[in-house]
Amino acid sequence: MGKVKSAVITAVLVAAIAVLAFFAFFSWQVPGSNGVSRYNSFISGIRLGGDLTGEASAVLYPDGVITAADYNFGMPEVPEGDEAADLTEEELAELKDKQKEYISRYVKRGDLYIDNDAITEYGEDGFKAHIQKDAEVLSGRLGEKGYSAYSVAVRDNYTIQVTVPTDFTYAAYKQYDTSARSDATTAISRTIQFLSYNGELSLRNGDVGKKQHNNILTPISADITTYFKNVTKYAVAGNYAVKVNLTQSGREQFRKISGTVADNSGEDKAIGFFIGDNQLLSLTVSSVIDENSFFITVDKAYAQDYAIILNSVVHGETLALDYNSDSVDIVYGSAALGGNAAIYFGAALLLIVAASVILSVVKYKRLGLVNAIMIAIYALTIITALLLIEIQFTIAGALAAVLGLALLCGSNFAVFEAVRRETKKGKTMPSSIKSGYKSMLTGVLDLHIILTVVSLMLALICVGELAACGLIFFIATVASYVLHWFTRFMWYVISSPVRNKFAFGGFTREEQIDD
């Protein structure tokens with residue numbers, strides 16, 4: 001390869017890396033916006049786990065369970081002193097009776113007050129058992145969200161505390177991007193609200209079935225969960241939907257239901273999907289649905305939550321009690337490692353990358369710069385993947401990325417040493433490179449295949465943080481193998497104009513002495 005072509009390829013690649021790195025790591029106020037608009041770097045847009053940006057928690061109260069503050073607020077007041085003088089004895093007696101009735105209505109349990117009706121209906125042990133069972137159902141639903149960590153626990157026997165990562169980006173965490181922070185907080189409230197819905201699934205239409213209860217399209221006695229195989233989130237080309245997969249009986253029923261709705265003379269041409277009295281989805285019907293599955297287009301923000309709650313209900317996992325999900329208070333806590341944990345953590349990762357580059361250059365001279373280019377491309381690949389796939393990045397996820405970096409550098413260093421051994425046999429540089437790569441081909445390939453399989457198993461079988469780590473390591477392993485071979489190409493490109501190919505990599509060639 002000629003000097004000019006080599007210089008052009010190298011310059012273009014380095015320039016591309018430099019530009020991407022600039023946008024990846026630097027943020028700034030947009031000129032002319034009076035400080036209102038801000039460009040946030042790629043890394044500041046990565047979703048971070050609760051260990052770096054804190055957690056959000058909410059307490060769910062079943063119907064009939066209230067706090068001491070709510071109990072005192074609802075207590076009927078009985079005036080005393082001058083205020084009581086303005087009332088007749090009958091009015092005063094009536095207020096006292098209301099107060100006594102209110103007091104007798106509740107039983108105190110710790111800092112909570114329990115409505116006697118709730119205890120009477122289920123029995124106190126039964127009431128507690130329902131709450132415990134509901135906590136397990138909620139835990140299963142939240143497990144489908146893919147959070148890096150979360151917890152659902154019964155608190156004080158009568159309430160359920162839900163804790164999830166804030167899912168903030170660094171820009172949202174530091175409030176550089178207020179819209180992103182608002183979206184994240186809204187998403188948390190919405191998820192807790194939707195996943196706490198109680199009730200069975202029903203299909204309704206405003207015009208059809210008016211003679212039935214609440215315009216339900218199916219008989220009250222029908223178990224419509226038998227209509228469904230599962231409900232999943234579906235995304236393609238930026239469009240989001242809930243995919244409903246039907247059983248054979250479900251397909252037959254939907255053919256009848258959709259035909260009835262399509263033929264009705266009213267204005268409502270939709271099938272409403274309700275959980276209890278809460279409508280989640282509306283499927284507009286213009287013709288008969290006679291397929292094994294169909295799609296309902298929804299907003300990206302709602303797709304996963306809708307799919308989770310519907311899939312939970314159609315598999316018989318319903319809550320036994322109603323909760324205050326529509327008015328739940330979310331409390332946001334700071335990161336366990338401190339408010340600046342994300343900064344320190346990012347600095348530590350940069351130090352690891354810098355150390356890898358320095359080690360490469362010190363050990364392999366200008367060949368080390370080739371490996372440094374691969375390190376830069378690897379880092380940008382991981383950042384881009386985290387942004388596009390929206391993987392929640394935690395300290396454990398960073399460890400997976402660092403292991404991928406070690407795999408890349410280790411593979412390249414192993415080949416470099418193999419080439420060094422070949423040069424010491426007196427071979428030419430091209431011959432040494434060919435032999436070195438050939439001798440390491442099987443080992444490098446086998447190692448990457450094994451790690452790819454392991455990472456895929458973690459990503460597909462596990463949930464939460466372990467699944468996220470598996471996905472990150474899968475991306476890292478694939479990137480490592482691709483860049484391992486790209487290293488050879490760039491070695492050839494950059495070293496082409498260099499006369500002393502051995503000095504380029506810090507190698508020496510031992511002259512063979514003829515006897």
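Predicted model: local features only at pLDDT ≥ 70, side-chain atom pairs only at ≥ 80, totals over all residues.

Trainee: How much space lies in the largest cavity?

Mentor: The largest cavity contains about 40 Å³ of space.

Trainee: Which residues line the largest cavity?

Mentor: Its lining consists of Leu-60, Leu-138, Leu-142, Val-162, Thr-191, Ile-192, Leu-195 and Ser-196. Two or more of the lining residues come from each of α7 (124-143) and α9 (178-195). The largest share, 3 residues, is given by α9.

Trainee: How does the lining of the largest cavity divide into nonpolar, polar and charged residues?

Mentor: The lining of the largest cavity has 6 nonpolar and 2 polar residues, and no charged ones.

Trainee: Let us turn to helix packing. What describes two packed helices?

Mentor: Two packed helices are described by the angle between their axes and by the distance between those axes. Here, helix α14 (residues 429-461) packs with helix α15 (residues 464-495) at an angle of about 170 degrees, and their axes are 9 Å apart. Angles over 145 degrees count as roughly antiparallel, so α14 is roughly antiparallel to α15.

Trainee: Is the crossing of α14 and α15 left-handed or right-handed?

Mentor: The crossing of α14 and α15 is left-handed. As for composition, the residues of the contact between α14 and α15 comprise 18 nonpolar, 8 polar and 2 charged.

Technical notes: Residues numbered from 1 in each chain as written. Heavy atoms only, no water. Axes fitted to C-alpha atoms, helices over the stretch in contact; angles between N-to-C directions. Helix = DSSP H or I, 4+ residues; strand = E, 2+ residues; numbered from the N terminus. Parallel < 35°, antiparallel > 145°, perpendicular 65-115°, else oblique. Left-handed = near helix turned anticlockwise from the far one by under 90°. Nonpolar A, V, L, I, M, F, W, Y, C, P; charged D, E, K, R; others polar. 1 Å grid on protein atoms, 1.4 Å probe; cavity = no way out; pocket = protein on both sides within 12 Å on 5 of 7 lines; lining within 4 Å. Points joined across faces, edges and corners; volume = space filled by probe spheres on them.
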